Amino acid sequence: MTVQQSPAASAEATAGEIQTVVAARRLRGVGSVFIGVGRPSTAAILARMVHNPDLVLVYESGTIGAKPYHIPLSIGDGELAETADSIVSVPEMFNYWIGPGRIDVAFLGAAQVDRHANLNSTVIGDYNHPKTRLPGAGGAPEIAASCGEVIVIAPHTQRTFVERLHFCTTVGHGDGPGARERLGFRGAGPTAVITDLGVLEPDPESKELVLVQLHPGVDVGQVREATGWDLRVGEAPAVTEPPTGEELEALRELVSR
Amino acid sequence: MAELTTLREGVGALIREGDSVALEGFTHLIPFAAGHEILRHGRRELELIRMTPDLLYDQMIGVGAARRLVFSYGGNPGVGGLHRFRDAIENGWPHPLEIEEHSHAGMANRFAAGAARMPCALMRGYLGTDLMAHTRVERVTCPFTGEELVAVPALNPDVAVIHAQEADRLGNVQLWGIPGVQKEAVLAAERSLVTVERIVDELEPKPGGVVIPGWAIDAVAEAPGGSRPSYSLGITDRDNDFYRFWDKLSRDRDAFTDWMNENILGEEVAAR
């Protein structure tokens, strides 16, 4: 049997495209997703196109149920407001929607990720004399504390996956088991870290990230090499199902809009 | 009752040297024209307050108008970093910048407490993060449940400046689209200035429209296009190309300074 593919989708998927497709698949059956700009936004719009047309997109700017046709540059682009079911103020967004845990999944990025999926988006180097001053927390700490679960999307390099964060902006699983409960966080915290090489998930007991899935053509050694700590590898990591023709075609069409 | 005035006179009367100033607008309705007018008035030593400094505060910091910055996300949304903000913090150029940073939820609650004239707001957040040790928050215990919470101090700026789509001749203001934290900022501040795209005879109710009564505002000034390169929903579009252009231009101190002198600060620009 031959699968019909359009010329656009026949070319092999890039690592970035696979990362986006894998993130979009995680939104099957999800009610609502909180997203920032960039790859998370692309993945969520793709999920609405391919897997989950009823998915509610929530952007930090206060747009709930946005249905963007184009990938927005900022979290506050006009199209998000024009297509939203409801638009709320920032205090309302955090106090009435995020805090009580009304949003099922949050996609977050970060400059640094540690073995317990804690995140740094504040500084590289010393806080008072930073080598690189990053944008800062934005909504991430409270989003990660309260949304149903968190999926981290980050490029897999030693610069990003570090033994020790230079600054803990956002708590993932803290120092391990029980940390979130002690802090009174209501959400489950990070359930997956999706990179351009594979997928890491926290061990249910130790809450340490474990490599559970490899993207096509990537081997375990490559992922361990790109990780700044001695990365644990799950028994027989799965291989990511390559993007289908439908997924890749939809993604490329979306990006070209 | 809000006084209808010009942008130049409004800024001159309401914003003073050394003030704490919140020019709010969350991606949408950022009051660029008013910020530029503050620079042309030569106001310095400002404490600049904004959740997202955005390009406007990058410009104000880069020309040396800020003594202190209070913020929660200092990025160029969807593009990258803010280079003048970074240069000030990393290298002290053009002079050192004191910072106080929070999360978005923290800043939003600080404005809301300020608007309510409460001393602080309670929230869940900050716990477990390194922000706890680097900013103004305190742990408190709920007297009813014993739950451990965080208190953030109210924000009460000397002046709030916002941009809206329209106002009527009595100075009643209506904005719609993403409302950000502007209403809270106006009600939290001691003084307030609102710039608008247009003055109309009568406000026409819009879905989701936020109306701020004129008697709660000090001055309203017409400033068509006053949120560019941000936008005013339904009237102007966000200039995403400018946000990308800024990323390149603002990396270089000289190119930045030349551009500001030519496009924002010059006498002939002010006269337009």
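The legends below go with a set of close-up views of a predicted model. Local features here need pLDDT of at least 70 and side-chain atom pairs count only at pLDDT 80 or more, while totals for chains, interfaces and linings use all residues; side-chain values use heavy atoms, with hydrogens and water left out. Residues are numbered from 1 along each chain as its sequence is written, with chains lettered from A and ligands numbered from 1 in the order in which they are written.

**View 1. A:Thr170 in its loop.** This residue sits in the loop between strand 10 (149-153) and helix 7 (179-183) of chain A; helices (H or I, at least four residues) and strands (E, at least two) are DSSP runs, numbered from the N terminus. A:Thr170 counts as buried at 1% relative accessibility, where buried is under 20% relative accessible area, exposed over 50% and partly exposed in between (1.4 Å probe, protein chains only). Leaving out neighbours within four places in sequence, A:Thr170 is in contact with A:Leu108, A:Asn118, A:Leu119, A:Ala140, A:Pro141 and A:Ala144.

**View 2. Helix 2 against helix 3 in chain B.** Helix 2 (residues 32-40) and helix 3 (residues 54-62) of chain B pack at about 5°, axes 10 Å apart. The axes are lines fitted to C-alpha atoms, for helices over the stretch in contact, and angles run from 0 to 180 degrees between N-to-C directions. The two helices of chain B are therefore roughly parallel, a label for angles under 35 degrees. Helix 2 of chain B brings B:Phe32, B:Gly35, B:His36, B:Ile38 and B:Leu39 to the contact, and helix 3 of chain B brings B:Asp54, B:Leu55, B:Leu56, B:Gln59 and B:Met60. Of helix 2's 9 residues in chain B, 7 are buried, so that helix is largely enclosed by the rest of the structure. B:Asp54, in helix 3 of chain B, is buried at 0% relative accessibility and has a positive phi of about 55° although it is not a glycine.

View 3. Helix 5 (residues 104-116) of chain B runs 18 Å from first C-alpha to last over 13 residues, close to the 18 Å expected at 1.5 Å a residue (expected span is 1.5 Å times one less than the number of residues). With 10 of its 13 residues buried, helix 5 of chain B is largely enclosed by the rest of the structure; B:Met107 and B:Phe111 are among the buried ones. Next comes B:Arg117, with a positive phi near 55°. B:Arg117 is partly exposed at 45% relative accessible area.

**View 4. Two cis peptide bonds in chain B.** Most peptide bonds are trans. The bond from B:Trp93 to B:Pro94 is cis, omega near 0°, and B:Pro94 is in the loop between helix 4 (83-91) and strand 7 (98-101) of chain B. The bond from B:Arg228 to B:Pro229 is cis too, omega near 10°; B:Pro229 lies in the loop between strand 15 (219-222) and helix 7 (240-249) of chain B.

Technical notes:
Angles under 35 degrees count as roughly parallel, over 145 as roughly antiparallel, 65 to 115 as roughly perpendicular and the rest as oblique. Contact means heavy atoms within 4.5 Å.
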